[in-house]
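Student: I want to learn how to read salt bridges, cavities and cores. Please take me through a case.

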Amino acid sequence: MRGLQRRRENQEIEEETAFVSMTDLTVSFLFIVILLLAYFSSKYNPQKSVSLPVYEQVVAGKDAAEKKIHELETEIARLKQPNPLERYIDQAMAERKHILEKLRDQLNIEFPDLKVTLSEQSDALHFQGDGLFASGSASLRPERVNIVQSVGIRLQQLLPCYTLGAQSAWQPECNPDFAVIEAVQIEGHTDSDGDDQSNLVLSTNRADETFRVMVAREPLLTSHLSYQKQPVLSVAGYGKMRPIASNDNVAGKAANRRIDLRLIMYVPARSEEIEHLRASLVGTSHG
């Protein structure tokens, strides 16, 4: 019995100790809360509260700042848009490449033994000179006259959509970006053999002969006008001055003896001119 009584006494002591510990913990927690409340109460000062006019001024300033940020974001977005003039020029250069690639592919199919290549700058077609002219001669080989005539026929089909004048026939299907051809230049070139003056004369005479044969087949080629109302078809001779390969070997000299057909696109000076270009193409179109 005594043992049982002792166990009960011990259990009561333990329960009392646990109750005291929980009480102390609760009191401590309440004490901390009271201290925090006292601290925040000491920090509160009604005199430091913001008045309504000041509040309204802050809100107005915030609204003005947000409006300015919106304006800056709009301006940044506008500046990120492609420049109309740059975009037009890029489209015109891409259209030039497309025209020359189309013409090259057609001629290579029609005359597979004649090597026609596109220049590195995608602005001209190279016709190997020995394929059209005998060495040292400015007269077309009789069996090659039909090649030059074919070039004239295809140019006559292409130019109306990109030029002004009586033959202008612009259509959105063939020229959606309103590109305008400023010049179609027939250029003669030679290798480095011979003296400079003779090469200049020879290259010019070959360009003239090419021009003559093309126009004889398609007389209306001379009626196509540029934006400046000048004929787009022209000739030039450069002798040995513009090689596309080394003159130190036979293959390089053969490549340099050539006729080039160069397309020069009109480049507007200002963005405002683009609309006038478009109006000119549409207004003179007879197609």
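Predicted model: local features only at pLDDT ≥ 70, side-chain atom pairs only at ≥ 80, totals over all residues.

Tutor: Start with D113, which is exposed at a relative accessible area of 57%. Residues are numbered from 1 along each chain as its sequence is written, and side-chain values use heavy atoms, without hydrogens and water.

Student: Which side chain meets that of D113 in a salt bridge?

Tutor: First the criterion: a side-chain nitrogen of Lys or Arg lies within 4 Å of a carboxyl oxygen of Asp or Glu. Here the partner is R144, at 3.2 Å from N to O. The two sit 31 residues apart: D113 in the loop between α3 (84-110) and β1 (116-118), R144 in the loop between α4 (129-132) and α5 (145-158). Those elements are DSSP runs numbered from the N terminus: helices are H or I with at least four residues, strands are E with at least two. R144 counts as buried, at 15% relative accessibility.

Student: How many salt bridges does the structure hold?

Tutor: There are 13. Take R257 and D191, paired at 2.6 Å, N to O. R257 is in the loop between α7 (250-256) and β5 (258-265), and D191 is in the loop between β3 (181-189) and α6 (196-217), 66 residues away. Both are buried.

Student: How far apart in sequence are D196 and K240?

Tutor: Their side chains form a salt bridge at 3.0 Å, N to O. D196 belongs to helix α6 and K240 to the loop between β4 (233-237) and α7, so the bridge ties together parts 44 residues apart. D196 is partly exposed at 44%, and K240 is partly exposed at 33%.

Student: Which residues are linked in a network of salt bridges?

Tutor: D123, E187, R258, D260 and R262.

Student: How do I read a cavity?

Tutor: On a 1 Å grid over the protein atoms alone, a cavity is a set of points where a 1.4 Å probe fits but cannot get out; lining residues have an atom within 4 Å of a point. Points are joined across faces, edges and corners, and volume is the space filled by probe spheres set on them. The largest cavity holds about 90 Å³.

Student: Which residues line the largest cavity?

Tutor: Among them are F127, L132, I147, T210, D260 and L261. α5, α6 and β5 each supply at least two of the lining residues. The lining has nine nonpolar residues, one polar and one charged.

Student: And the nonpolar core?

Tutor: Nonpolar side chains tend to be buried together in soluble globular proteins. A core joins buried Ala, Val, Leu, Ile, Met, Phe, Trp, Tyr and Cys through side-chain atoms within 4.5 Å. The largest one has 47 residues; L125, F127, L132, L155, I181, V184 and L261 touch the most other members. α3 gives the largest share, six residues.

Student: What does L155 contact, leaving aside neighbours within four places in sequence?

Tutor: Contact means heavy atoms within 4.5 Å. On that basis, L155 meets L103, P160, V184, M214, L221 and L261.

Student: Is V232 buried or exposed?

Tutor: Buried, at 1% relative accessibility. V232 sits in the loop between α6 and β4. Beyond four places in sequence, V232 touches residues including L159, I181, V184 and H224.

How values were computed
Buried < 20%, exposed > 50% of the residue type's maximum accessible area, 1.4 Å probe, protein only. 1 Å grid on protein atoms, 1.4 Å probe; cavity = no way out; pocket = protein on both sides within 12 Å on 5 of 7 lines; lining within 4 Å. Nonpolar A, V, L, I, M, F, W, Y, C, P; charged D, E, K, R; others polar.
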